[in-house]
Amino acid sequence: MDSNSVLNIFKEITRIPRESGHEEPMTAYLQSFAVNHGLDCKTDETGNVLITKPAAPGKENVPAIVLQSHQDMVCEKNAGVQHDFAKDPIHYVIEDGWMIAPDTTLGADDGIGVAASLAVLESDLPTGKIECLFTISEETGMDGAHAIKEGFFSGKALINLDSEEEGEFCIGCAGGVNTIATYSYGTENRNSEYTRMVLRINGGQGGHSGEDINKGRMNTIKTLAQFLQKEMPYGLQVIMISGGNKSNAICREAAAYVCVPDANATAIRFKNFGIAACEAVKDTDPAVCFKSALSNINEKVLCQKDMENIINGIADCPHGVQAMSADIKGLVETSTNLAAVDMSARGTVRVVTSQRSSITAECRKIAATVEENFASKGAKVEHINEYPGWKPDMNSHVLDVCRSSYVKLFGKEPIVKAIHAGLECGLFLTKFPDLDMISMGPTMIGIHAPGEKMELASLDKFTAHLIDVVTNFA
């Protein structure tokens, strides 16, 4: 086993459709892998897969290690890109030491963790018992981790292969919840003397709603709604507003189809608003652009009161960092993400948000604030997919083994940290309270957004480190 074998398996995985909630082809691939390699495999009713490699001779008394990763990926693409995640392979290039998906997400989160696990399973490394756990729908609600039953695996030491910075070990994470606001709306005839326009904000960098929430990037749907809010006194009518896609990604692109009494005046105000908004993020999100054009969409407009409630709800919704950790310097404690607005169901507007915090009470508090904002403006609000955080354990034996191995191999101490993102580890503890866990992985940039890339040199180090840990674990 080496990093080339891991990378080759990952290249196979990039050809397999595996959007969250539609992991069946990936599940079948894992099951076939087990059959082809003569390994025990079981799949639960949710779709979680466990493949077990027996201990090598002389290693029967070594404690079992669970290598855990998730089958699904976030499927995001740039506007105008022709790519069907349900059937098309991911297009990637390798340049300057990086594996990059130029126009879509790469899926190294967490395809590379899956590939590393499979490389261990097919290797002849002299290890103790290895249990490789592949969960489903991590990205949309950690459905697999929620549904996993006690006894599905036996190991007490778990290495989660779902981190994005080589040389950094994660031993704690935030918990979270999604808050969904749903509006019902009526329509009326547009003013026949008004001009139809489309207003767009494109080019946002977006990113992970946990790891990137403190990087000052523009939330395009909130920004667009704030402009529409300012335009309502000028007689603006809204036909449709949309933006974002995934609950765990910062909104990169947004559009509104509107009717206005004076298209030139609206275009000028939108341009000036955009200049000011872009200036505020010039160092953190330099490619954002504001565009307006005439439109030929001939739909009715939202009723005045419904339009006001929807636009004000989106514009007033909290977004971004709410509090920093008092215990760990630089760590976001609590945040909220205004993720997406969807009007695909006629007569309904669905607004998706997500909240995170390392303190459960604070997570619920900001979720309640988001609920109050939308409920006060006529929306029905629900909270779904709540998951717990993972409290750090500095006395972890797995941490000690991984740290000692890293120092031996590379001559320097790894960084040990907690993250403001969700990992399945917190949920595993509710079912397996004796688990000792750590999370690690190679370096990835731009996950959950088009242009996602993985550093190949970091994959070399990550693979060498994983090999040393699993072969010398005791």
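Predicted model: local features only at pLDDT ≥ 70, side-chain atom pairs only at ≥ 80, totals over all residues.
1. Helix 1 covers residues 3-13. Its buried residues are Ser3, Ser5, Val6, Leu7, Ile9, Phe10 and Ile13.

2. What do the buried residues of helix 1 pack against? Three of the partners are helices: helix 2 (24-36), helix 3 (108-122) and helix 12 (456-472). The other partners are strand 5 (98-100) and strand 23 (453-455).

3. A total of 26 residues line the largest cavity, and Glu138, Met142, Asn248, Arg356 and Gly422 are the closest to its centre.

4. Which elements give two or more residues to the lining of the largest cavity? They are helix 4 (138-141), strand 9 (175-184), strand 18 (348-357) and strand 19 (380-387). Helix 4 gives the most, with 4 residues. By class, the lining of the largest cavity holds 12 polar, 7 nonpolar and 7 charged residues.

5. Open space comes next. The largest pocket contains about 740 Å³ and has 38 lining residues. Nearest its centre lie His208, Glu211, Asp212, Lys215 and Met444. Strand 8 (168-173), strand 20 (415-419) and strand 22 (444-445) each give two or more residues to this lining. The lining of the largest pocket divides into 13 charged, 13 polar and 12 nonpolar residues.

6. The second largest pocket has a volume of about 400 Å³. Its lining is made of 23 residues, and those closest to the centre are Lys77, Gly244, Asn245, Arg252 and Glu253. Two or more lining residues come from each of strand 11 (195-202), strand 12 (237-243), strand 13 (254-260) and strand 17 (332-342).

7. How many nonpolar, polar and charged residues does the lining of the second largest pocket have? The counts are 10 nonpolar, 7 polar and 6 charged.

Notes. Residues numbered from 1 in each chain as written. Heavy atoms only, no water. Buried < 20%, exposed > 50% of the residue type's maximum accessible area, 1.4 Å probe, protein only. Contact = heavy atoms within 4.5 Å. 1 Å grid on protein atoms, 1.4 Å probe; cavity = no way out; pocket = protein on both sides within 12 Å on 5 of 7 lines; lining within 4 Å. Nonpolar A, V, L, I, M, F, W, Y, C, P; charged D, E, K, R; others polar. Points joined across faces, edges and corners; volume = space filled by probe spheres on them.
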